[in-house]
Amino acid sequence: MSISGTCHCGAMHFTVNAAPTEAVECNCSYCSKSGGLWAYYTPADIVVQTSDADRIYTKSGYNKHHFCANCGCQIYGTSPEWSLDGNHDLEKVKIGINVRLLDDFDLSTVRVTRIDGRNMW
Ligand SMILES: [Zn+2]
């Protein structure tokens, strides 16, 4: 069953094809400051309603962090497919949605894995 999320002001909206059961909390320099809690999908699994408020921050050029220009919420990010050994597959894209934005969703149902992104990349 699909589930949707919105930013605080409602300008940004997305829908994924299934509610997440797992999420990742990462301690890399970006995630620790932005506070996102990420669940991963393929591009085919997500529909993002485009908005004039959509802004992209990138430092590496690989990871593109979409956020709302109105309210500042972290919406989702795109990155190369990566694995927990720190390797990337630059040919594949994964999308991490911020599960904190899901509407009518109980965050306590998600199993959270903490990863050491600060030392992985
Ligand atoms: Zn917003």
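**The pocket, the cores and a tyrosine pair**

Colleague: Which strand gives the most to the lining of the largest pocket?

Modeller: In this predicted model, strand S8 gives the most to the lining of the largest pocket, with five residues.

Colleague: Which other elements supply at least two residues each?

Modeller: Besides S8 (74-82), the elements that each supply at least two residues of the lining are strands S3 (22-26), S4 (38-41), S7 (64-68) and S9 (88-98), together with helices H1 (29-34) and H2 (117-120).

Colleague: And what volume does the largest pocket have, and which residues lie nearest its centre?

Modeller: The volume is about 700 Å³, and of the 30 residues in the lining, those nearest the centre are Cys 28, Tyr 30, Cys 31, Asn 63 and His 65.

Colleague: How do the lining residues divide into nonpolar, polar and charged?

Modeller: The lining of the largest pocket holds 14 nonpolar residues, eleven polar ones and five charged ones.

Colleague: Let me pick out His 65; is it buried or exposed, and what is it in contact with?

Modeller: His 65, which lies in strand S7, counts as buried because its relative accessibility is 14%, under the 20% cut-off. Leaving aside neighbours within four places in sequence, His 65 is in contact with Tyr 30, Arg 55, Ile 56, Tyr 57, Gln 74, Tyr 76 and Gly 77.

Colleague: Changing topic, which residues touch the most other members in the largest nonpolar core?

Modeller: That core has 22 residues, and those that touch the most other members are Phe 14, Val 16, Ile 75, Ile 97, Val 99 and Leu 102. Strands S2 (13-16), S4, S8 and S9 each supply at least two residues of this core. Apart from it lies another core of eight residues, including Val 24, Cys 26, Tyr 30 and Trp 82.

Colleague: And what does Ile 75 touch?

Modeller: Not counting residues up to four places away in sequence, Ile 75 touches Cys 7, Met 12, Phe 14, His 66, Phe 67, Cys 68, Gly 96, Ile 97, Asn 98 and Leu 101.

How values were computed:
Residues numbered from 1 in each chain as written. Predicted model: local features only at pLDDT ≥ 70, side-chain atom pairs only at ≥ 80, totals over all residues. Heavy atoms only, no water. 1 Å grid on protein atoms, 1.4 Å probe; cavity = no way out; pocket = protein on both sides within 12 Å on 5 of 7 lines; lining within 4 Å. Points joined across faces, edges and corners; volume = space filled by probe spheres on them. Helix = DSSP H or I, 4+ residues; strand = E, 2+ residues; numbered from the N terminus. Nonpolar A, V, L, I, M, F, W, Y, C, P; charged D, E, K, R; others polar. Core = buried A, V, L, I, M, F, W, Y, C linked by side-chain atoms within 4.5 Å. Buried < 20%, exposed > 50% of the residue type's maximum accessible area, 1.4 Å probe, protein only. Contact = heavy atoms within 4.5 Å.
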